[in-house]
Amino acid sequence: MAIPDEEVKMTAKIQRVISVMLVLLLVQTSLPSQSVLAHSRSVKKFVPSKFCSVDDLVIVLGHDEAAVRQTGKTYKTDWVQLFTLKNGKITRVQVYMDTL
């Protein structure tokens, strides 16, 4: 049974976004100590849980947990990340987090 072309395209877009998310997470966790992100928080968990592709948009739902370096307090948040792709490249990233 052949996989429909639309499913193949959707899978390729989602795989591209996953690889970029992994690179961003690795970069964030290995940033020099003087960087703002590395200085302000330490990510404990980063869990993308659902992926959906519509046209040139990949929607990722997930949650993370991090510790604020200055206070040592941890926080958990749910988030949505929207990735716009054009010709197989990510052209825009939007992040929405539950801040309450």
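Predicted model: local features only at pLDDT ≥ 70, side-chain atom pairs only at ≥ 80, totals over all residues.

Q: Is Met 97 buried, partly exposed or exposed?
A: The relative accessible area of Met 97 is 43%. Buried means under 20% and exposed means over 50%. Met 97 therefore counts as partly exposed.

Q: What accessible area do Val 93, Val 95 and Met 97 have together?
A: Val 93, Val 95 and Met 97 form a nonpolar patch on the surface. Their accessible area together is about 250 Å².

Q: Is Thr 77 buried or exposed, and with which residues is Thr 77 in contact?
A: Thr 77 lies in strand β3, residues 74–86. Its relative accessibility is 5%, and the limit for buried is under 20%, so Thr 77 counts as buried. Leaving aside neighbours within four places in sequence, its contacts are Gly 62, His 63, Asp 64, Met 97 and Asp 98.

Q: Which elements give two or more residues to the largest nonpolar core?
A: The largest nonpolar core has eight residues: Ile 14, Val 17, Met 21, Val 58, Val 60, Trp 79, Phe 83 and Leu 85. The elements giving two or more of these are α1 (5–29), β2 (57–68) and β3.

Q: Is Asp 55 buried or exposed?
A: Asp 55 is placed in the loop between β1 (41–54) and β2. Its phi is positive, about 50 degrees, although Asp 55 is not a glycine. At 64% relative accessibility, with exposed meaning over 50%, Asp 55 counts as exposed.

Terms used: Residues numbered from 1 in each chain as written. Heavy atoms only, no water. Helix = DSSP H or I, 4+ residues; strand = E, 2+ residues; numbered from the N terminus. Buried < 20%, exposed > 50% of the residue type's maximum accessible area, 1.4 Å probe, protein only. Contact = heavy atoms within 4.5 Å. Core = buried A, V, L, I, M, F, W, Y, C linked by side-chain atoms within 4.5 Å. Patch = residues over 30% accessible without salt bridge, like charges linked within 9 Å, V, L, I, M, F, W, Y side chains within 5 Å. Areas by Shrake-Rupley, 256 points an atom, 1.4 Å probe, with all protein chains shown as cover. Salt bridge = Lys/Arg side-chain N within 4 Å of Asp/Glu carboxyl O.
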